Amino acid sequence: MSNNPLPNKERVKLPRQRMPEQDAQVRACNFLEVNTGFTAEQAHEESIRCIECNKPGCVQKCPVSVDVRAVMDFIVKGDYLGAAAKVREDNALPAITGRVCPVEDQCESGCVLGKKGEPLGIAYLERFVADWERSSGQFGLPKSKAATGKKIAIVGSSPAGLACAGDLIQWGHQVHVFEALHELGGVLVYGIPEFRLPKDIVAFEIETLRKRGVVFETNVVVGKTVTIDELMQDEGFDSVFIGTGAGLPRFLNVPGEHFNGIYSANEFLTRVNLMRAYRFPDYDEPLYPCKDRDVVVIGGGNTAMDAVRSALRLGAKSASILYRRTEVEMPARVEEVHHAHDEGVHFEMLVNPVEFLADEKGNLTGARCIRMELGEPDESGRRSPVPIPGSEFVHPAQVAVIAAGTTANPLIQSTTPGLATTKRGYIKANDDTLATSKLGVFAGGDIVTGGATVILAMGAGRKAAKAINEYLLGPAVVAVQLAAESLTTA
Ligand SMILES: Cc1cc2nc3c(=O)[nH]c(=O)nc-3n(C[C@H](O)[C@H](O)[C@H](O)COP(=O)(O)OP(=O)(O)OC[C@H]3O[C@@H](n4cnc5c(N)ncnc54)[C@H](O)[C@@H]3O)c2cc1C
């Protein structure tokens, strides 16, 4: 029975709750989180908007099928810990996805309220219950099953790897995560800035896994420090999960791309986030200064938005997005684009750099750009940009950030004999199990799909964990375990 106090016809009249946020002028000068989170009153008001559809489109559109309806019912009755536990059944990292999921393409796009008005604020509520759970001090560690004696190596400590580790430790395996960088969390830490995803939230999830027994080792570049074969043959790992993402930057390949002041978005954001340029002067600023300079960011995705908004916060005189299509085609999350506009980012649409210009010392002075118009749709379904002859102009810039996408780093693929890859260098994995061509080796997340989303990577990590468990124990053992468990929980 529903706990919602209102009849459906009253619920649909309720306005969507607005996410409180820092004032745009203030936040453009600091790295504190932009969205400050729902109050309990707001969470209640928003949750009672759910009309509890029989066939909830939000669940169908969620890549990991969170039972939104059940979660809302917990929130309506004020049981926020119950709500958080319900979300965690399907989503291992709710405080993170509640902040970064592109909900307009996922759960909220399936909400029936969105047909005539605004959809339910599902991500805002997911974030609310996860934050409540974290700050309540009542975050219980789930009890793991009896030790199986099996050892699994996980390569990469971002959503795919963390989600995989969480399930495998739960099922009684020994889990060892190897991370190339000196800090854990991958893109969640070095890519997505503090003002969108505070680092202590990622640290909390990692610490929780550590308390549950997961061993983390940083500064291990698998494929160089140790190979996959060595992990399995010499170090006794029974299985390996590869969740190494797609972090190799793509460049524009135009003249002058080597000048001082030009970065890939990956390097720029790593310097800002991981090397703490955002905490200048507490930390030495390991970055060509943005202060009082014109900064251009080339691209239209989340990475481009994160880079341009970081540049603004580092004191740029102007911070501009140069994008070769229009705002409609931009892949970035709608909320980030709104926020960037409000903060004063300049959007220069339908332009593409054809050359970078520099002074005699090789320091960047500008980007020669050409204007574009939209032609026929390309293979992505979006109308392709076509240069307009004779429309070239120079955009002043002393710092440029290239956010033109990423691809797979070939290191593991090239040092692991028998690991099949696609033409583009991504690892081939079975759709259902994420098993690769190499026995005992599984892969998931961006390294299989190409650049995607946090929740898809997390879902892949969990799918692989299930398959690894069955590979190691065999379906018969897993069935016996489940039957025994049902006896103890009945
Ligand atoms: C700046 C930026 C902003 C984004 N914003 C959003 C957003 O708002 N919403 C959203 O849903 N998605 C967003 N994404 C995409 C999302 O972050 C990725 O799809 C997701 O992180 C992929 O997860 P993954 O676990 O597959 O790989 P990654 O997150 O890339 O993690 C791979 C991990 O493996 C490590 N690694 C790589 N090679 C090795 C090796 N050889 N040995 C050991 N470790 C290795 C890396 O250091 C890293 O820790 C964004 C991406 C970026 C770059």
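A residue is near a molecule if one of its heavy atoms lies within 4 Å of it, and by that rule 35 residues surround the ligand, the closest being Val 100, Ser 158, Glu 179, Arg 196 and Asp 446. The model is predicted, with local features needing pLDDT of at least 70 and side-chain atom pairs counting only at pLDDT 80 or more, while totals for chains, interfaces and linings use all residues. Residues are numbered from 1 along each chain as its sequence is written, and side-chain values use heavy atoms, leaving out hydrogens and water.

**The ligand and its surroundings**

- A backbone N or O atom of Val 222 lies 2.9 Å from a nitrogen atom of the ligand, a polar contact being a pair of N or O atoms within 3.5 Å.
- An oxygen atom of the ligand lies 3.4 Å from a polar backbone atom of Thr 453.
- Taken alone, the ligand exposes 1,000 Å², of which the protein buries 91%, with accessible areas coming from the Shrake-Rupley method with a 1.4 Å probe.
- Helix 15 gives the largest share of the shell around the ligand, 3 residues, where helices are DSSP runs (H or I, at least four residues) and strands are likewise runs (E, at least two), numbered from the N terminus.

- An open sheet of 5 strands has the order 3-2-1-4-16 with parallel pairing, and two strands pair if DSSP finds at least two bridges between them.
- The edge strands, each pairing on one side only, are strand 3 (215–217) and strand 16 (441–443).
- Strand 1 (residues 151–155) and strand 4 (residues 239–242) pair in the parallel sense over 4 bridges, and Ile 152 has Ser 239 in strand 4 as its bridge partner.

Methods. A polar contact is a pair of N or O atoms within 3.5 Å; within protein, one must be able to donate a hydrogen and the other to accept it, and residues adjacent in sequence count only if both atoms are side-chain atoms.
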